[in-house]
Amino acid sequence: DSLNYGVDVSYKEQLVRDITISTSYHNEEQFESLKEIEGVKKVEKVASYYVSLTSESTSLDTNICLMEEDSICFLIPYEKGSVAIDKETADTLKIKVDDVVRAKLGSQYYDIRVSNIFESSLLKGVYADYSLFEESQIPYTNYWLTLEDSTLENDVKDYILTNYNFTSVETIEEFVIRANDLLGSIRMMTDVIKIFAVLLSIVVIYNLSSLNMNERRRDIATMKVLGFNYKEIGETLVTEILFSTFVGTIFGLVF
């Protein structure tokens, strides 16, 4: 459930776009023509590049995503003139909100302020407006397409593949499938843990029940002498065990 939640949040609440296009070079005329495709609501230019970050305590190479100032795809808020960084990267750099880190992008150095540290399962690195790093002249590498109707994504993708020569064209559903494939080994591991957890619980409960029965032989014998049959004795003991299990479950979940 945690894995599924992480994928949903990353691609449905944090970075929401219908189609992602990767290109080896930016052509303004080609970019403008994408806006004319039927069903396309907005096309955004994005530059994705490697950046070297240095804080007071450590340094780290990660990815930086430079977007348009009015992006409707990246929904994590951050202040103009600053950047947003994922929590894992921030923890590695040992920085917090409002700290300043030095970024080397291309041949340029920038002192940037962190205005938001966000948690995400799949989004990693630095996210900022392109204008903040415009001096570096990093070329645009991606286009994010938002459609009027998300059900048209396959039709729009087919049209783009037929009429354009881009490096790759992927829908958001394909991103989700790829993310799930990457998490497949973790899901398998959790399934194994769940199976062994169930088996372990069965063995433990069986042993505790057997021990309880053995320690109460005298009680059972007394109940037999008083006229209880095996069914009544069994129902009494099972009811007691179920009650203990119920109470134990409540306290266990709380703690």
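Analyst: The model is a predicted one. The structure holds ten aromatic pairs, and two of them are discussed here.

User: Why is the pair of Phe-118 and Tyr-127 called edge-to-face?

Analyst: The ring centres of Phe-118 and Tyr-127 are 5.9 Å apart, and the planes stand at 65 degrees. Rings pair if their centres lie within 6.5 Å, and planes over 60 degrees apart count as edge-to-face. The name edge-to-face therefore applies to Phe-118 and Tyr-127. Both residues, Phe-118 and Tyr-127, are buried.

User: What makes Tyr-143 and Phe-166 an aromatic pair, and where in the chain do they lie?

Analyst: Their centres are 6.0 Å apart, with 80 degrees between the planes; the limit for a pair is 6.5 Å. Tyr-143 belongs to strand 8, whereas Phe-166 lies in the loop between helix 4 and strand 9, 23 residues apart. Ring pairs also join Tyr-143 and Phe-166 with Phe-31 and Tyr-164 in a cluster.

User: Why is Tyr-143 called buried, and why is Phe-166 called buried?

Analyst: Buried means under 20% relative accessible area. Tyr-143 has 0% and so counts as buried; Phe-166 has 11%, so Phe-166 is buried too.

User: How do you know that Arg-17 lies over the face of Phe-175?

Analyst: Arg-17 is 4.5 Å from the ring centre of Phe-175, and the distance limit is 6 Å, with a further limit of 35 degrees from the ring normal. The charged end of Arg-178 also sits over the ring of Phe-175, 5.0 Å from its centre. Arg-17 and Phe-175 are among the residues nearest the centre of the largest pocket.

Notes
Residues are numbered from 1 along each chain as its sequence is written. This is a predicted model: local features need pLDDT of at least 70, side-chain atom pairs count only at pLDDT 80 or more; totals for chains, interfaces and linings use all residues. Side-chain values use heavy atoms; hydrogens and water are left out. On a 1 Å grid over the protein atoms alone, a cavity is a set of points where a 1.4 Å probe fits but cannot get out, and a pocket is an open set with protein on both sides within 12 Å along at least five of seven lines; lining residues have an atom within 4 Å of a point. Rings of Phe, Tyr and Trp (its six-membered ring) pair if their centres lie within 6.5 Å; planes under 30 degrees apart count as stacked, over 60 as edge-to-face and the rest as tilted. Buried means under 20% relative accessible area, exposed over 50%, partly exposed in between (1.4 Å probe, protein chains only). Helices (H or I, at least four residues) and strands (E, at least two) are DSSP runs, numbered from the N terminus.
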